[in-house]
Amino acid sequence: MIRLVVMALLASIGIGSVRTSAGNGRTDRPAAAVDLSTWLLQREREAASRSAQRTAPRLVPSAAPAPSRKAVPGKKASPRPSAKSRPSAKSSAATSNPTPVGGLTKVQMAYAATIVRVGKQLQLPKQAYVIAIATALQESRLLNLANWGSAASLNLAHDGVGGDYDSVGLFQQRPSTGWGTVAELMDPATAARRFYQALAQIAGWQNLPVTVAAQYVQGSAYPDAYAQHEPMANLIVNGLT
């Protein structure tokens, strides 16, 4: 009886209705059967690493951008995270086979190797690799993530599925804010190149703390979060260079 009264009160103040935001497929209000505190915690976690207002810096065009993979024709994506992710063995990160360090998996280490390789191609110093890898550790745990709200990303090779706005890939870059197309950002080499291009536009980035430099590029709602990954990023870079 008490439960019915509570549900009636929640419905009377509008919590019982569910409204879907245009374009992002997420609900703005919880259903009455959902505990309010649990719903609010879930919303906070979804925004934990990124700000809704994040926009990409103006990028310098690359002379030879990495080719992006194409979606599988005719394949329909599931609107929810799948239990199994499509294997990413054919992704650009799998072109090398470095020995994992610091408890990373072979897949994570291969992505780190791709990030370092692109940095070397751009003739950037090791500090840039550390910043990039620390960022990827925070944003995606060094995994190439699709987004369950993006059918295009789900049709590409990925290691997991997230749902933070329209963010995709190693660096959780957002197509809607100018970082590139879904296919480009789901390609690890291209995503790394875009990150470095944005980093290079920050005056004096070489002299900034890792977390500050990463924050300038990412515009995270939690700017200090990258600092915790600096020791691991240094270990990874030292193992790859």
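Which residues does His229 touch, not counting residues up to four places away in sequence? In this predicted model, His229 touches Ala134, Leu137 and Gln138, where contact means heavy atoms within 4.5 Å. The place of His229 is in the loop between α8 (210-218) and α9 (230-240). With a relative accessibility of 16%, His229 counts as buried; buried denotes under 20% relative accessible area, exposed over 50%, and partly exposed in between, with a 1.4 Å probe and protein chains only.

Residues are numbered from 1 along each chain as its sequence is written. Because the model is predicted, local features need pLDDT of at least 70 and side-chain atom pairs count only at pLDDT 80 or more, whereas totals for chains, interfaces and linings use all residues, and side-chain values use heavy atoms, with hydrogens and water left out.

The secondary structure of the protein chain comprises 9 helices and 2 strands, and its order along the sequence is α-α-α-α-β-α-β-α-α-α-α. Helices (H or I, at least four residues) and strands (E, at least two) are DSSP runs, numbered from the N terminus. Of the 241 residues in the protein chain, 44% are buried. Among contacts between residues at least 6 apart in sequence, 62% join residues at least 24 apart. The protein chain exposes about 12,300 Å², of which carbon and sulfur atoms supply 58%; accessible areas come from the Shrake-Rupley method with a 1.4 Å probe, and for residues only the protein chains shown count as cover.

Helix α4 (residues 126-140) packs with helix α7 (residues 188-200) at an angle of about 120°, the axes being 11 Å apart. Axes are lines fitted to C-alpha atoms, for helices over the stretch in contact, and angles run from 0 to 180 degrees between N-to-C directions. The angle therefore makes α4 oblique to α7, a class left after roughly parallel (under 35 degrees), roughly antiparallel (over 145) and roughly perpendicular (65 to 115). In this contact, Ala128, Tyr129, Ile131, Ala132 and Thr135 of α4 meet Phe195, Tyr196 and Leu199 of α7. The contact residues divide into 7 nonpolar, 1 polar and no charged; Ala, Val, Leu, Ile, Met, Phe, Trp, Tyr, Cys and Pro count as nonpolar, Asp, Glu, Lys and Arg as charged, and the others, Gly among them, as polar.

Thr99 lies in the loop between α2 (36-46) and α3 (106-121). At 65% relative accessibility, Thr99 counts as exposed. Thr99 and Ala110 are 11 residues apart in sequence, and their C-alpha atoms are 8.7 Å apart in space.
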